[in-house]
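The following note is intended for a colleague who is meeting this structure for the first time. It takes up selected features in numbered points.

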Amino acid sequence: MKKIPYGRQHITEEDIEAVNKILRSDWLTQGPTIPAFEKAFADYVGAKYAVAVANGTAALHLNAIALNVNPGDKVITTPVTFVATANCIKYCGGEVVFSDIDPETYLLDIVKVRKILEADKNKEIKGIIPVNFAGRVVDMEVFRQLADEFNCWIIEDACHSPGGYFINSKKEKVNAGSGRYADLAIFSFHPVKHIAAGEGGMITTNDEKLYKRILNLRTHGIQQDYSKRIYDDALWYYEMHELGYNYRLTDIQAALAISQLSRAKEGIAKRKTIAENYFQVFKDEKYVKGQSGNVEGHAYHLYVIEVERRKELHKYLRNQNIYAQIHYVPVHLMPYYRDQGWKEGDLPVSEKYYSTCISLPVFPTLTDEEQNFVVSSIQEFYKK
Ligand SMILES: Cc1ncc(COP(=O)(O)O)c(C=O)c1O
């Protein structure tokens, strides 16, 4: 069997043609493909505004700046995420407060977040970054109520969940990144994600002020609205109003992303079928202690099972050419965060999850034969 990764991009002839078209055009960057992608993506998730950026990390960084994270400010997030989620707070000199996950959903446990907020007598906590881990969308309605109670903002890290949704108290489907409850949401277009652009990111929001500020921050803090120039009205003249970055996406990447986006719904449908197959097999296996399961609105970026002897299983699968992966080494146990006082035992649910979790291959072009091979290899391992 050839190598089976845990995630893989799917590039079609249409994708290649879309990129070629840009290469033959006048605009490799800052051209019309960027707003076209932003419009298509905003429509896909149901948000008012979208800003395309260089990657998901840049999206997080710009969000933290736009929400005025300053030295001394504290922000709550989960340790079961990629390091970038937490690091954006450190970029701005803030402190990260890791809070434990719910063992069933693998998402931030709102009861524990509330306890942390209640204990914050000096009101140092300014925001919360829930993560739609593995593609399961956080109930952002209840997080909004909590955030409002404690005067906090919310960034929804939706990197794993474009096309996913949760059901709110009115039984409505609320899309990840729709901006209905979170102030800002971010996405990544890294090749293992649903929409592959090589590198790429998106910020979505319904807040016009934040949108405009982030547009300026994406390009060095240079005022994008030329009618607002203060000191001169010459055609060539531009003004920088605050310290920004070059966090732009190229038109080449945007063209690939638009082409991919046109197949995103099919991709999710395929991921759901794969997830359902895993669920049906593993729900009756004694060695499986937990799994992503069959969850409405889940975007299945990852399909996780929790098992004993995880390390040996991982090695066994690797020998079969199956590249299952572990998501994630808990962020609070990274040497960088240990140096700031975090240690083993601080977040027991996340740490226990880390000791048993393994992400199985899920991507739209995974064949039945490949998935059957993954399943039978795991079954074979536990027979021993
Ligand atoms: C949950 C999460 N947040 C943030 C990021 C950062 O995105 P990027 O790799 O595009 O910078 C990633 C991607 O790896 C991620 O999985």
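1. Helices here are DSSP runs of H or I with at least four residues, strands are runs of E with at least two, and both are numbered from the N terminus. With these names, G31 is placed in the loop between α1 and α2. The model under discussion is a predicted one.

2. Q30 is not a glycine, yet its phi is positive, at about 60 degrees. The relative accessibility of Q30 is 47%, so this residue counts as partly exposed. G31, by contrast, has a relative accessibility of 8% and therefore counts as buried, the cut-off for that term being under 20%. G31 and A254 stand 223 residues apart along the chain, and their C-alpha atoms are separated by 9.9 Å.

3. A42 belongs to helix α2. A42 counts as buried because its relative accessibility is 5%. In sequence A42 and T204 are 162 residues apart, while their C-alpha atoms are 6.8 Å apart in space. When neighbours within four places in sequence are set aside, A42 is in contact with A47, K48, Y49 and A50.

4. How do helix α3 and helix α7 cross? The axes of α3 (residues 56-66) and α7 (residues 208-218) come within 10 Å, and the crossing angle is roughly 120 degrees. The two helices, α3 and α7, are therefore oblique to each other. Their crossing is right-handed. On the α3 side the contact is made by L62, N63, I65 and A66, and on the α7 side by L210, R213, I214, L217 and R218. By type, the residues in the contact of α3 with α7 comprise 6 nonpolar, 1 polar and 2 charged.

5. Helix α3 also meets helix α4 (residues 83-91): the axes of α3 and α4 come within 9 Å and cross at roughly 40 degrees. It follows that α3 and α4 are oblique to each other, angles under 35 degrees being those that count as roughly parallel. The crossing of α3 with α4 is right-handed. T57, L60, H61 and A64 of α3 make this contact with A84, T85, C88, I89 and Y91 of α4. The contact of α3 with α4 consists of 6 nonpolar and 3 polar residues, with no charged ones.

6. Because an α-helix has 3.6 residues a turn, residues three or four places apart point the same way.

7. How many disulfides does the structure hold? The number is 0. For C152, the closest cysteine sulfur is in C88, at 14 Å from its own sulfur, which is too far for a bond. For C159, the closest cysteine sulfur is likewise in C88, and the separation of 11 Å is again too far for a bond. C152 counts as buried because its relative accessibility is 6%. C159 has a relative accessibility of 11% and so counts as buried.

8. N321 is not a glycine, but its phi is positive, at about 70 degrees. This residue lies in the loop between α10 and β13. At 26% relative accessibility, N321 counts as partly exposed. The peptide bond leading from H327 to Y328 is cis, with omega near 0 degrees. Y328 is located in the loop between β13 (322-323) and α11 (335-338).

9. Which residues of helix α12 are buried? In α12 (residues 348-356) they are S350, E351, Y353 and T356. The elements that cover the buried residues of α12 include β12 (303-307), α10 (310-319) and β14 (357-360). Helix α10 is also one end of the loop that holds N321.

How values were computed
Residues numbered from 1 in each chain as written. Predicted model: local features only at pLDDT ≥ 70, side-chain atom pairs only at ≥ 80, totals over all residues. Heavy atoms only, no water. Buried < 20%, exposed > 50% of the residue type's maximum accessible area, 1.4 Å probe, protein only. Contact = heavy atoms within 4.5 Å. Axes fitted to C-alpha atoms, helices over the stretch in contact; angles between N-to-C directions. Parallel < 35°, antiparallel > 145°, perpendicular 65-115°, else oblique. Left-handed = near helix turned anticlockwise from the far one by under 90°. Nonpolar A, V, L, I, M, F, W, Y, C, P; charged D, E, K, R; others polar. Disulfide = S-S within 2.5 Å.
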